[in-house]
Amino acid sequence: MMTKEALLALWHGENWENTIGGIYFVSHQFEKDVHFNFTGYGEEELSSMPDSFIKKLTSEIHALDKRAKHLIQAQCYGDNLQKLALTDVLFDKSDCYGAFALGYYVGESLAGELYVLVKFDDNFQADSELIYEVY
């Protein structure tokens, strides 16, 4: 059972928010803050996530980040890979991000802040189709 306390401890998290829209917190495990978004989840649904899945994600996040950056680089950003930094780890109860997605801030666009997301399945395999979101 993945409790709030266990999740925050694994990711060195703080600023836990439990809202109608989901659960959110910030991880300080990386060189900069990474936002965790569990859209559509309440604490009860979150506690039903397998500990083994979350612990595996914790241990493999750096390799997944590297894989995602290479996929983004290959598809659209050439040699600007070093400028991309992981900003978000996203889970959505609707499964629109597969099992989860890693998000990267790309820059400003005419429509707002542009992010590119790489979806991963339950086996931690990246989907080659990138998601673009503007906020």
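How many aromatic pairs does the structure hold?

Reply: The structure holds 13 aromatic pairs. Rings of Phe, Tyr and Trp (its six-membered ring) pair if their centres lie within 6.5 Å; planes under 30 degrees apart count as stacked, over 60 as edge-to-face and the rest as tilted. This is a predicted model, in which local features need pLDDT of at least 70, side-chain atom pairs count only at pLDDT 80 or more, and totals for chains, interfaces and linings use all residues. Residues are numbered from 1 along each chain as its sequence is written, and side-chain values use heavy atoms, with hydrogens and water left out.

One of the pairs joins Phe-53 to Phe-124; this pair is tilted, with 5.2 Å centre to centre and 50° between the planes. The pair links distant parts of the chain, 71 residues apart: Phe-53 lies in helix H3 (residues 51-77), and Phe-124 in the loop between strand E6 (112-120) and strand E7 (131-134). Helices (H or I, at least four residues) and strands (E, at least two) are DSSP runs, numbered from the N terminus. Phe-53 counts as buried because its relative accessibility is 14%, and Phe-124 counts as buried at 2%. Buried means under 20% relative accessible area, exposed over 50%, partly exposed in between (1.4 Å probe, protein chains only).

Phe-91 and Phe-100 form another tilted pair, 6.0 Å centre to centre with 40° between the planes. Phe-91 is buried at 1% relative accessibility, and Phe-100 is buried at 0%.
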